[in-house]
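Biologist: I'd like to learn how to read a protein model from its fold down to one helix. Could you walk me through it?

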Amino acid sequence: MSGDDAEKTLREWATQEVNQHPLCITFPEAHNFELKFGLIHLFPTFRGLENEDPHKFLKEFHVVCAGMKSHAVTEDQIKLREFPFSVQDSSRKWLYELLSRSINTWKKLAKLFLKKYFP
């Protein structure tokens, strides 16, 4: 330990700066797009449980995203931005563990999701 480290108080150790790694999704630029907090409950959820159907989840997710289509925003932009709100528990952990900025299309994200959760 260096002299500076030995001198730090417990509070200083606990409040150190945390380096946040970017999410695996590189969000395409979307002008005039805002997710209304009240709409998040419309999205289906997927937890990564053995009895969940990933194909059914993606279909339900598609239906909600298609209903939110805006003339200035593509459906892919919506799906990429909303997907992190729909996954929970082990599937959210899986999403957070993917390589930072490794996904830039909905097709790639859906393919990785099915590869992970379809037997």
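Modeller: We'll go from the overall fold to the core, then to one helix and the cysteines. This is a predicted model, where local features need pLDDT of at least 70, side-chain atom pairs count only at pLDDT 80 or more, and totals for chains, interfaces and linings use all residues. Residues are numbered from 1 along each chain as its sequence is written, and side-chain values use heavy atoms, leaving out hydrogens and water.

Biologist: How many helices and strands does the protein have?

Modeller: Helices (H or I, at least four residues) and strands (E, at least two) are DSSP runs, numbered from the N terminus. Here you get 6 helices and 0 strands, so to speak α-α-α-α-α-α along the sequence.

Biologist: What share of the residues is buried?

Modeller: Buried means under 20% relative accessible area, exposed over 50%, and partly exposed in between (1.4 Å probe, protein chains only). Of the 119 residues in the protein, 29% are buried.

Biologist: Which residues have the most contacts inside the largest nonpolar core?

Modeller: A nonpolar core is a set of buried Ala, Val, Leu, Ile, Met, Phe, Trp, Tyr and Cys residues joined through side-chain atoms within 4.5 Å. The largest one has 24 residues, and Phe83, Trp94, Leu95, Trp106, Leu109 and Phe113 have the most contacts inside it. At least two residues of this core come from each of α3 (54–67), α4 (75–86), α5 (89–97) and α6 (106–117). For contact, read heavy atoms within 4.5 Å. Beyond its neighbours within four places in sequence, Leu109 touches Ile25, Leu80, Phe83, Trp94, Leu95 and Ile103.

Biologist: Why do the buried residues of α6 line one face of the helix?

Modeller: An α-helix has 3.6 residues a turn, so residues three or four places apart point the same way. In α6, the buried ones are Trp106, Leu109, Ala110, Phe113 and Tyr117. Seen down the axis, they fall within an arc of 95° (taken over the directions from the helix axis to the C-beta atoms), so they line one face. These buried residues pack against α3, α4 and α5. Turned away from that buried side is a face with the exposed residues Lys107, Lys111 and Lys115.

Biologist: And the cysteines: how many disulfides are there?

Modeller: A disulfide is a pair of cysteine sulfur atoms within 2.5 Å. By this rule the count is 0. Cys24 is buried at 1% relative accessibility, and Cys65 is buried too, at 0% relative accessible area.
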